Structure formats: C-alpha cells, structure tokens
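Please keep the structure in view while reading.

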Amino acid sequence: MIPLLRNAQNYLQRNCVRFEDEVFTYNDLLSRSHSIASFLLNGQSHLNGARIAYLVNPDFDYVSIQWGIWRAGGIAVPLCVKHPVPSLSYVLSDTTASHVIYSSDFKTTIQELETLHQDIPMTHVAHLNAEPCELPEVHLEEDALILYTSGTTGNPKGVVLSHSNLNAQINALIEAWKWSKNDTILNVLPLHHIHGIVNAMLCPLYIGAEVVFVERFTPKNVFSAFLSGKINVFMAVPTIYFKLIAFYEELSSKEQEGISAVLKQFRLMVSGSAALPVSVLEKWKKISSHILLERYGMTEIGMAISNPYDGERRPGHIGQALPGVSVKIVQEDGEEVAPAAQGEILVKGSNVFSRYWNKKEATAKGFTQDGWFKTGDMAVFDKGYYRILGRNSVDIIKSGGYKISALEIEEVLRKYQGINECAVVGIPDDEWGELIAASLIVERETEIDLSALDAWLRTRIPSYKLPRHYIFQEDLPRNVLGKVTKNVLKEIIKDQIS
Ligand code: MLC
Ligand code: AMP
C-alpha cells in the first residue's frame with residue numbers, strides 16, 4: 001500500500017481536515033474514501049489508471065475524492081474551480097477522463113460540460129455511495145495525478161506524477177521542514193496545483209497533522225483563522241503575503257497587536273511559486289517575527305531547492321537542494337557552469353515526473369540525454385545559496401503564483417474580431433509579481449471596446465490569465481515574437497503605464 005494511505009491507519013482518531021465548524025478524523029477519511037473507491041470500481045478489481053476528474057471546493061470532499069480515486073487505482077485529475085468551461089473541457093478531452101465528480105456549487109458548469117461530453121458520466125459527490133468492497137493493491141510506481149501547467153507551447157500540458165514521485169516530494173519536505181503530527185496548517189491555495197496539493201495538504205496528511213480549509217482566500221478569512229489559535233504552519237505565494245500585509249496595515253493597532261502575537265507562536269511560514277520580493281519578506285518579518293522560508297519548485301518536480309529550516313534564510317535566495325534531489329546549473333551547451341556563473345537549473349531525483357500526458361515530443365524535449373529535467377529557470381549558486389535570475393523564455397509569465405503562457409493568451413486574442421496581431425508580455429508588479437499586458441495591432445482602434453474584449457475573454461480563459469493593460473501599435477511586434485522584441489515591448493508598455 002502507498003505510505004500516505006498506510007500511515008493514516010495509525011492516526012485514526014486524530015483530526016485530519018477542518019472546514020469551518022466541521023472536523024473530520026483520519027478514520028472518517030479512510031471510510032469515506034473507501035466508499036468512493038467502491039463506487040468508482042463498480043465491480044471492477046482495479047481502475048488501471050483511468051482518469052477521474054473532479055470539480056469540488058477545497059474541503060473534506062476534495063480529500064476524500066482524491067484518496068478514493070487512488071484507492072481504486074485511478075489517476076486523480078483535479079479541476080480548477082475558477083476555470084471557464086472551455087478550459088475545463090480541454091482537460092476532460094486531453095485526459096480522456098472516464099468520470100467527473102462535482103459538488104453543488106458547480107451544477108451550472110457541469111450542465112454545460114455534460115452537453116459537450118455526453119459520453120462522460122458526471123456524478124454529484126453526494127451520490128458516490130457504495131457498499132465498501134475489497135480494494136486493489138496500489139503500488140508506488142502507478143500514476144497518481146495529472147496536473148496541468150502552461151509552457152512555451154499553446155495549450156497547457158498534463159504533468160503525470162506517480163505515487164512514487166509524490167512520496168519522494170512529501171518525504172523531502174517532511175524531513176527538511178520538520179513536519180510533525182502536532183502541526184495544523186491553514187491551506188488557502190488552489191487545489192489543482194502542486195503547492196496547495198503536495199506542500200500544504202499531502203505533507204500534513206502523511207504525518208498525521210491537521211489541514212484547515214476556509215471557503216475562499218481573503219485576508220479577512222486568513223486572519224480570523226489565524227486568530228482561532230490552532231494554526232501553526234502557513235504556506236502561500238508572495239501575492240498572498242502582499243495582500244495580507246496590505247490588509248494588516250489598515251487594521252487598528254490593537255487588532256495588529258493581536259494578530260502579531262498569534263503569528264509569533266507559529267512554527268513555520270513558507271513562501272514560494274514565485275520570487276519573494278525582499279520588501280515583502282521584511283514587512284512580514286515586522287508583522288510576524290518570522291523570516292519567511294523561501295523555497296523553489298515546479299509542477300514537474302515538486303520542490304527542489306529550499307532555504308534551511310534551521311540556519312540562515314537568505315533574503316532573495318532560494319537555498320539549497322532538498323534531501324534526495326540533485327540540482328546542477330548548466331550553460332547552453334549542457335556543461336556545468338563555473339562556480340558562481342549563471343545558467344539553467346537542471347533537476348534529477350525520484351521527485352521528478354516521468355512524462356507529459358500523451359506528449360512524447362514535449363517530454364523528450366524537457367529532459368537531457370542523461371535524464372536531467374530542464375527547468376527553464378536561470379540561476380546562480382552564490383556563496384552556498386541558489387539565487388533565481390529569471391526564466392529563459394520571455395513567453396512564460398508568473399502572475400499571482402500562476403504560470404501563464406503568453407502564447408496561449410495570444411492565440412485566444414487573435415480570434416477576436418478586429419485584432420490582426422498581438423503580443424503578450426509580463427510587466428513587473430509589486431502585488432502580482434508580473435501583470436499581463438497585451439500589445440494589439442487592430443484594424444481600427446476605435447472599434448475595439450476593451451470592456452467588451454475583457455468580457456469575451458472571461459468566457460474563454462481564467463481571470464488570472466486576463467491582460468490588465470493594453471496598448472495599440474502600428475506594426476511592432478508583428479511576426480517578431482522573439483525574446484529581444486518582447487523585451488523591448490515590455491519597456492514600451494512600462495513607459496506607457498508609468
Ligand atoms: C486575479 N486578479 C488579478 C489576477 N488574478 N489581477 C491581476 N493579475 C492577476 N494575476 C483579479 C481578478 O480579476 C479580480 O478582479 C480580483 O483580482 C479578485 O480575483 P480572485 O480570483 O478572487 O483573486 P484572489 O482570490 O484574490 O486571488 C489571488 C490569489 C490567487 C493570489 C489568492 O491568484 C492564488 O490563489 N494564487 C496561487 C496560485 C498557486 O497556487 N500557484 C502555485 C502553482 S505551483 P476583477 O476586477 O476581475 O473582479 C508552482 C510550483 C511551486 O508554482 O513552486 O509552488
Ligand atoms: P509551475 O509550473 O506553476 O509549477 O511554476 C513553476 C515555476 O515557478 C518555476 O519554474 C519558477 O519559474 C517559479 N518559481 C517557483 N518558486 C520560485 C521562487 N521561490 N522564486 C522564483 N521563482 C519561483
């Protein structure tokens with residue numbers, strides 16, 4: 001049996017998930033996921049890697065469904081609760097999902113998906129009941145999860161992670177960050193990405209700790225959960241810390257003192273998924289008395305590099321390779337760089353995924369001949385700590401911790417009537433890390449109503465992928481979407497909006 005599930009049997013009476021006033025034990029989780037697995041099996045002995053997608057909010061149902069799929073031998077495909085129908089439909093087609101599970105909040109979305117995918121059964125979570133049957137033996141080498149990530153090609157790619165990958169990723173963090181069964185983490189991250197799933201959910205569940213979910217992320221919800229006094233671990237993207245700081249700064253000094261006193265008692269606070277500005281680290285230190293532990297990871301590899309739990313957490317740096325993870329920095333010809341020289345981060349280890357779903361060519365391109373995964377991130381190893389310098393593709397944007405492909409947005413924009421050509425770039429932004437900006441070449445500028453364009457885009461792409469600035473241009477960057485041109489474009493847009 002996979003260790004995550006086996007361990008849970010040792011914590012039966014402990015709390016595993018809390019959502020508002022509802023608390024569930026590991027015993028509840030094992031029994032609910034057994035029932036879900038039995039429903040999904042429906043008389044078969046093993047799902048043999050069938051892809052089961054689910055559209056549910058972060059709560060006990062979410063965890064039970066994920067574990068139910070795994071216990072039946074299926075591959076879990078979590079859907080983003082904020083995605084519009086075309087994005088969800090793409091994932092269902094790409095994974096050839098055999099079943100969709102949903103909860104009440106998504107009935108309307110599901111109705112639309114049902115008309116597009118009449119061959120896929122879609123079941124409300126409340127109807128997932130079946131008499132518990134004998135469950136198959138699930139092995140570490142079996143595929144567990146497909147997560148979608150944007151790249152330098154148009155559509156997002158499905159990253160296939162095995163139970164063995166997840167197990168390695170979890171164990172590295174348990175050891176490095178000293179997870180204990182007495183921890184309680186507040187998880188406000190989206191649960192279709194590695195950060196929210198592995199770091200902030202599976203690590204605590206592996207060790208017998210408790211995960212607290214709230215209905216949705218707002219600074220108010222986060223601070224009230226903190227004030228409950230139970231939480232001692234928190235993990236988030238830099239944008240979330242930025243938003244918490246802004247909210248805190250508006251509170252009365254009495255309220256601020258109350259929050260700061262609670263935060264001081266925390267065991268661990270982590271930032272990652274995007275570069276943590278030193279200004280955010282400094283402000284959060286004043287508020288919480290904690291130096292945020294910054295770490296670096298990626299959907300394809302889980303976490304690879306982390307500042308130390310004990311020892312110096314160096315601002316502006318991501319730390320050292322995690323236990324069991326090999327990291328090196330190479331120059332363009334693949335040779336390792338001289339000490340302190342810059343190059344691309346390559347990663348190897350049992351944490352690293354095996355393939356993109358149904359994308360042999362992209363998988364082959366992602367690895368070197370001798371099996372190192374090419375992250376596309378540029379870094380230096382500087383006085384014992386890795387430091388990220390940026391990405392080697394101008395077409396990858398990180399906004400609010402989400403990885404976004406400029407090319408994907410361009411493809412959608414080009415379908416809008418009146419737009420002849422366009423180029424999308426990320427502009428540096430204190431709150432979001434980068435803000436998406438688009439340059440448009442249009443037939444007649446006066447005929448493009450930007451709010452109508454925005455409304456049109458919202459039905460096609462998730463809101464975090466929407467351009468927040470537009471400029472109109474005569475010809476640049478028509479047909480020239482190279483790095484140099486896009487970097488020039490960034491400067492032009494920055495000038496125009498400043
Ligand atoms: C949302 N908004 C944005 C935006 N996203 N504006 C600019 N840029 C963006 N990127 C706007 C919306 O359009 C809306 O405005 C308003 O903000 C509120 O939208 P929301 O969706 O309710 O936002 P909110 O819930 O506040 O989201 C902010 C956030 C979210 C930071 C909580 O982006 C988030 O959860 N990010 C985490 C992503 C993550 O987990 N990444 C990890 C990937 S794994 P309007 O006007 O439209 O109403 C990975 C590997 C690793 O990276 O190392 O971890
Ligand atoms: P994703 O594909 O969504 O998993 O995003 C992974 C990318 O996030 C990495 O390739 C990095 O570009 C970025 N990233 C993650 N952590 C950090 C960090 N601490 N600093 C800078 N970039 C980061």
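**Ligand 1 and its surroundings**

In this predicted model, an oxygen atom of ligand 1 lies 2.9 Å from a polar side-chain atom of Arg458. The protein covers 80% of the 1100 Å² of accessible area that ligand 1 has on its own.

- Helix H7 (194–207), helix H9 (238–249), strand E13 (293–298) and strand E21 (396–399) are the elements that each give two or more residues to the shell around ligand 1.
- The ligand is surrounded by 27 residues, and the closest are Ser273, Arg295, Lys398, Ser399 and Gly400.
- Sorted by class, this shell holds twelve nonpolar, eight polar and seven charged residues.
- Ser273 places a polar side-chain atom 2.5 Å from an oxygen atom of ligand 1.
- Gly297 contributes a polar backbone atom, which is 3.2 Å from an oxygen atom of the ligand.

**Helix H6**

- Helix H6 spans residues 163–176, a total of 14 residues.
- From its first C-alpha to its last, H6 reaches 20 Å, close to the 20 Å expected at 1.5 Å a residue.
- The buried residues of H6 are His163, Asn165, Leu166, Asn167, Gln169, Ile170, Ala172, Leu173 and Ile174.
- These buried residues pack against helices H1 (3–8), H3 (60–71) and H7, and also against strands E7 (143–149), E8 (157–162) and E14 (302–306).
- After H6 comes Lys178, which has a positive phi, near 55 degrees.

Technical notes:
Residues are numbered from 1 along each chain as its sequence is written. Chains are lettered from A and ligands numbered from 1 in the order in which they are written. This is a predicted model: local features need pLDDT of at least 70, side-chain atom pairs count only at pLDDT 80 or more; totals for chains, interfaces and linings use all residues. Side-chain values use heavy atoms; hydrogens and water are left out. A residue is near a molecule or strand if one of its heavy atoms lies within 4 Å of it. A polar contact is a pair of N or O atoms within 3.5 Å; within protein, one must be able to donate a hydrogen and the other to accept it, and residues adjacent in sequence count only if both atoms are side-chain atoms. Accessible areas come from the Shrake-Rupley method with a 1.4 Å probe; for residues, only the protein chains shown count as cover. Helices (H or I, at least four residues) and strands (E, at least two) are DSSP runs, numbered from the N terminus. Ala, Val, Leu, Ile, Met, Phe, Trp, Tyr, Cys and Pro count as nonpolar, Asp, Glu, Lys and Arg as charged, and the others, Gly among them, as polar. The expected span of a helix is 1.5 Å times one less than its number of residues. Buried means under 20% relative accessible area, exposed over 50%, partly exposed in between (1.4 Å probe, protein chains only). Contact means heavy atoms within 4.5 Å.
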